[in-house]
Amino acid sequence: MKKDKKIRILYLCTGNACRSQMAEGWTNHLKGDIIEAGSAGVTPIGVSRRAIEVMAEEGVDISGHRSKSMDEFIGADFDYVITLCANAERNCPAGMCNAVKIHRPFDDPYGLSGDREYVMSEFRRARDEIRAFVESMPEVLISSRDLGEKPEKN
């Protein structure tokens, strides 16, 4: 990779509603100088209003994001595909983006029910865990690749 070229990442989860949207938002917000991120879902269902709300609390605007299908990105030029749930890991096509694949699951707050404060606390927890992961980039990408997690481009 050339020094002046940004690392390109595609985050993949089931619905492209919450975790992958937050990961895309955090990455472009915190690491936009060296990393360019996108996101997609196995079965896109729309961006979660709660994900938009908790990201806005931290000054990251994802209100303009749209939920996209992974099919839009087959053959695209990404360096890494990061699956954020088991369903995405299982359903990610072998030739997806011709990229190194890394699996880093996060709990999904999207389908939770209960009182608003409980549900929002789980969205905040996911947001903060995803932020911590993004803050570890790009070193975590290189170490995951070097540890043999998914060492070959598929």
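Predicted model: local features only at pLDDT ≥ 70, side-chain atom pairs only at ≥ 80, totals over all residues.
Student: Which residues in α4 meet α2?
Tutor: From α2 come R50, A51, E53, V54, M55 and E57. The residues of this contact divide into six nonpolar, no polar and six charged. Their partners in α4 are R116, V119, M120, F123, R124 and R127.

Student: Let's look at M120 on its own. What is its relative accessible area?
Tutor: M120 has its place in helix α4. Setting aside neighbours within four places in sequence, M120 is in contact with R50, E53 and V54. Buried means under 20% relative accessible area. M120 is buried, and its value is 1%.

Student: How far apart in space are M120 and P109, C-alpha to C-alpha?
Tutor: In sequence, M120 and P109 are eleven residues apart. In space, their C-alpha atoms are separated by 8.5 Å.

Student: On to α1. How far apart are its end C-alpha atoms?
Tutor: Helix α1 covers residues 19–30, which makes twelve residues. At 1.5 Å a residue, α1 should span 16 Å. The separation of its end C-alpha atoms agrees with that, at 16 Å.

Student: Why is α1 described as largely enclosed by the rest of the structure?
Tutor: The buried residues of α1 are R19, S20, Q21, M22, A23, E24, G25, W26 and T27. What covers them includes β1 (7–13), β2 (35–41), α2 and α4. Helix α1 is largely enclosed because, of its twelve residues, the number buried is nine.

Student: Which residues does M22 touch, not counting those up to four places away in sequence?
Tutor: M22 is one of the buried residues of α1. M22 is also among the residues with the most contacts inside the largest nonpolar core. With those sequence neighbours left out, M22 touches A51, V54, M55, F123, A126, R127 and I130.

Student: And which element supplies the largest share of that core?
Tutor: In soluble globular proteins, nonpolar side chains tend to be buried together. The largest nonpolar core here has 43 residues. Elements that each supply at least two of its residues include β1, α1, β3 (80–83), β4 (100–103) and α5 (139–146). The largest share, seven residues, comes from α4.

Methods:
Residues numbered from 1 in each chain as written. Heavy atoms only, no water. Contact = heavy atoms within 4.5 Å. Helix = DSSP H or I, 4+ residues; strand = E, 2+ residues; numbered from the N terminus. Nonpolar A, V, L, I, M, F, W, Y, C, P; charged D, E, K, R; others polar. Expected span 1.5 Å × (residues − 1). Buried < 20%, exposed > 50% of the residue type's maximum accessible area, 1.4 Å probe, protein only. Core = buried A, V, L, I, M, F, W, Y, C linked by side-chain atoms within 4.5 Å.
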